[in-house]
Structure formats: C-alpha cells, structure tokens
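Student: I am new to this structure and would like a close look at a single part of it. Could you take me through the aromatic rings and their surroundings, step by step?

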Amino acid sequence: MKGNQSTTHEAVKDFFSMDEKELAKYGVIKSEKECNPDHGRIENRQYYLCTNLSWLENKDEWPGT
C-alpha cells in the first residue's frame, strides 16, 4: 500500500492495528520471519494476509475486486 493514496493507506493501517482476535474474524493470516541480512543485524519481519476486503470502503472502485 502506497502512501499517495492517503485515505486508503490510513484505513489499511487502522485495520491492521487491531488486535489479533479482531483480525482473525476477517481471516487474516499472520506470518513471522527472522532473517539475517548484511551487517550482522537480525531482522524480525511480520507479514499479514487478508483476502476479505469487506471492511474497506471504496473497494468497488478497484479493477478486479
């Protein structure tokens, strides 16, 4: 999600800031990955997948939805 779509970007940020119980109601899948890129840092990344867009306003304006 890019920041140049400010309204949608804010809606997505708000949605994914819900607690995991609430997200589970929408079928959100969470994945975590630890990786060790350059410079000896360890990065922990979290990924979320949601295919249920019923909560997103203006989704009908997107092609293919």
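Tutor: What follows is a walk through the aromatic rings and the core. Please keep in mind that this is a predicted model. When the whole structure is searched, four aromatic pairs are found. One of them joins Phe-15 and Phe-16 in an edge-to-face arrangement, with 5.0 Å from centre to centre and 85 degrees between the planes. Phe-15 counts as buried because its relative accessibility is 5%, and buried means under 20%. Phe-16, with a relative accessibility of 26%, counts as partly exposed. Another pair is formed by Phe-16 and Tyr-48, and this one is tilted, with 5.7 Å between the centres and 50 degrees between the planes. That pair links distant parts of the chain, since Phe-16 lies in helix H1 (residues 6-16) and Tyr-48 in strand S2 (residues 43-49), 32 residues apart. Tyr-48 is itself partly exposed, its relative accessible area being 31%.

Taken together, ring pairs link Phe-15, Phe-16, Tyr-26, Tyr-48 and Trp-55 into a cluster.

Definitions and conventions: Residues are numbered from 1 along each chain as its sequence is written. This is a predicted model: local features need pLDDT of at least 70, side-chain atom pairs count only at pLDDT 80 or more; totals for chains, interfaces and linings use all residues. Side-chain values use heavy atoms; hydrogens and water are left out. Rings of Phe, Tyr and Trp (its six-membered ring) pair if their centres lie within 6.5 Å; planes under 30 degrees apart count as stacked, over 60 as edge-to-face and the rest as tilted. Buried means under 20% relative accessible area, exposed over 50%, partly exposed in between (1.4 Å probe, protein chains only). Helices (H or I, at least four residues) and strands (E, at least two) are DSSP runs, numbered from the N terminus.
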